Amino acid sequence: MNTTIDFENNDDLAFFGKVNASISHELKNILAIISEAAGLLQDLTEMMSRGQKIELEMLKTCSQDIVEEIQRGFTTIKQMNKFSHSVDAPLKSVNIIEVIDLMINLAGFLSFASKIRFDLPQDGASTVSTCPFRLQNLVYHTLVFAFKSVGVDGKIEIAVHRETNGSARIAFSGLGILGKQPFPSEETKKIAKSIGAEIRMAENSQAIDILVPQYSKNSV
Amino acid sequence: MSNENKIKLLMVDDEVKFLESISKRLALKGFDVIAASNGEEAIASAENDFFDVAVVDFQMPGMDGAQVLKTLKERHQYLEIIMLTGHATVDSAVECTKLGAFKFLEKPYDFENLVKTIQEAYEARLKKKFEHNQKRMDEIQKLSISSSPLGLLRALARLDDKEK
């Protein structure tokens with residue numbers, strides 16, 4: 001088994017690049033909000049220094065926006081850091097809930113992202129031994145497909161179940177028929193195969209199950 | 001200054017906080033600003049109100065900036081539109097230029113530069129309107145000699161139709 005993710009593999013590199021680009025876009029949005037709020041604050045203070053009456057509420061809103069956006073920036077950077085470190089080890093014990101949560105957040109930066117309801121597993125068991133980066137890639141690809149199938153006003157549901165053979169089943173439901181495209185694509189199949197995961201699509205195309213084996217050996 | 005004398009601006013961005021702050025700043029600079037947080041809202045606002053200039057975010061969920069630009073330009077050909085983008089690419093800039101955008105600015109931009117660009121866009125709109133009026137006068141002159149009063153009215157209606 002390789003000890004690193006093979007970035008000569010274009011699919012891996014493309015995914016890494018795509019996610020980082022959307023993170024940088026999000027960070028730029030955050031900075032744009034901070035920049036405008038700070039600019040407005042400056043304009044208001046200048047007006048006050050000229051003796052003009054300014055509503056205190058406006059100043060409060062501006063500073064509150066700055067504080068909230070800085071917090072949003074920190075959260076985004078934390079997610080970016082977590083994603084970047086997912087290439088550190090090709091095989092490790094992974095909390096599937098954390099992977100899904102991270103991918104929901106990162107895919108949420110896409111302009112066509114729809115709403116998601118994520119149900120935490122009742123049994124609490126959610127650990128698998130797999131390649132975290134490839135599992136992320138698989139979940140992200142599925143989320144992108146799901147978003148496109150319901151549109152920005154739609155809502156998809158995700159749940160995680162533990163199967164009797166120990167594998168984890170990530171269930172995507174509530175999928176729609178908008179912009180219908182074949183799923184899984186060849187690329188998605190390849191990613192699934194590399195970690196020994198299986199993709200099952202419901203006959204009506206409105207649900208997808210991803211079965212991730214408890215142990216993915218020699219997968220990368 | 002009364003609102004009648006102000007440049008009427010349509011500001012379109014899905015980042016609500018950004019939209020609120022920039023709208024307030026532009027209002028403090030003397031613009032009459034109406035904010036819309038998505039493409040559909042922007043198009044509806046332009047149908048119900050009169051605008052000199054629109055500033056539109058390129059990347060928005062649902063109807064994206066390019067679609068908004070195209071629709072607004074089709075329906076209000078003298079409205080000048082400035083596109084804002086998080087990450088400018090040559091392709092997106094070319095696309096917007098082809099669709100008739102006045103300018104393409106990348107975020108974060110210099111606020112004073114945005115103000116200047118809006119003023120330039122407004123001047124471009126005035127110039128186009130002046131040219132239209134000039135054309136209208138020429139048409140009246142020509143038709144007053146050769147056409148019936150009804151023909152003259154019809155020709156003017158055709159010209160005015162273009163200036164929505």
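What share of the 164 residues in chain B is buried? Buried residues make up 43% of them. Keep in mind on this tour that you are looking at a predicted model.

**Stop 1: chain B as a whole**

Select chain B and colour it by secondary structure. Follow the chain along its sequence and the elements come in the pattern β-α-β-α-β-α-β-α-β-α-α. Switch to a C-alpha trace for a moment: along its principal axes, that of chain B spans about 55 × 40 × 25 Å.

For the contacts in chain B with a separation of 6 or more, residues 24 or more positions apart account for 62%.

**Stop 2: the sheet of chain B**

Hide the helices and look at the strands. The 5 strands of chain B form an open sheet in the order 2-1-3-4-5, and the pairing is parallel. At the edges stand strand 2 (32-36) and strand 5 (103-106) of chain B; each has a single partner strand, so one side of each is left without a neighbour in the sheet. Turn the view to look along the sheet: direction ignored, neighbouring strands are turned by 20° against each other on average.

Next, select residues 53-57 and 80-85 of chain B. These are strand 3 and strand 4, which pair in the parallel sense over 5 bridges. For one bridge to look at, pick B:Val56 in your viewer; its bridge partner in strand 4 of chain B is B:Met83.

Bring back helix 3 of chain B, residues 65-75. Helix 3 lies across strand 3 and strand 4 of chain B, and runs at about 180° to strand 4.

**Stop 3: B:Ser92**

Select B:Ser92, which sits in helix 4 (residues 90-98) of chain B. Is B:Ser92 buried or exposed? Its relative accessibility is 6%, so B:Ser92 counts as buried. Show the side chains around it: leaving aside residues up to four places away in sequence, B:Ser92 touches B:Phe58 and B:Phe104.

**Stop 4: chain A as a whole**

Move over to chain A, where there are 5 helices and 7 strands. From the N terminus on, the elements run α-α-β-α-β-β-α-β-β-α-β-β. The C-alpha trace of chain A spans about 75 × 40 × 35 Å along its principal axes. Of the 220 residues in chain A, 50% are buried.

With the surface on, chain A has about 11,100 Å² of accessible area, and 53% of it belongs to carbon and sulfur atoms. Colour the charged side chains and you have 22 positive and 26 negative ones, with the centres of the two sets 3 Å apart. Among contacts in chain A between residues at least 6 apart in sequence, 77% join residues at least 24 apart.

**Stop 5: the sheet of chain A**

Which order do the 5 strands of the open sheet in chain A follow? They run 2-4-5-7-6, and the pairing is mixed. The edge strands are strand 2 (115-119) and strand 6 (198-201) of chain A, each pairing on one side only. From one strand to the next, the twist averages 15°.

Zoom in on strand 6 and strand 7 (residues 207-212) of chain A, which pair in the antiparallel sense over 4 bridges. Pick A:Ile199 and look across to strand 7, where its bridge partner is A:Ile210.

Then show helix 4 (residues 132-150) of chain A. This helix lies across strands 2, 4, 5, 6 and 7 of chain A, running at about 145° to strand 4.

**Stop 6**

Select A:Gln79 in helix 2 (residues 56-85) of chain A. With 12% relative accessibility, A:Gln79 counts as buried. Not counting residues up to four places away in sequence, A:Gln79 touches A:Leu102, A:Asn105, A:Leu106 and A:Phe109.

Last, select A:Phe183 and A:Pro184 and show the backbone. A cis peptide bond joins the two, with omega at about -5°. A:Pro184 lies in the loop between strand 5 and helix 5 (186-194) of chain A.

Methods
Residues numbered from 1 in each chain as written. Chains lettered and ligands numbered in written order. Predicted model: local features only at pLDDT ≥ 70, side-chain atom pairs only at ≥ 80, totals over all residues. Heavy atoms only, no water. Helix = DSSP H or I, 4+ residues; strand = E, 2+ residues; numbered from the N terminus. Buried < 20%, exposed > 50% of the residue type's maximum accessible area, 1.4 Å probe, protein only. Contact = heavy atoms within 4.5 Å. Pairing = 2+ DSSP bridges. Axes fitted to C-alpha atoms, helices over the stretch in contact; angles between N-to-C directions. Areas by Shrake-Rupley, 256 points an atom, 1.4 Å probe, with all protein chains shown as cover. Lys, Arg positive; Asp, Glu negative; His and termini not counted. Charge placed at Lys NZ, Arg CZ, Asp CG, Glu CD.
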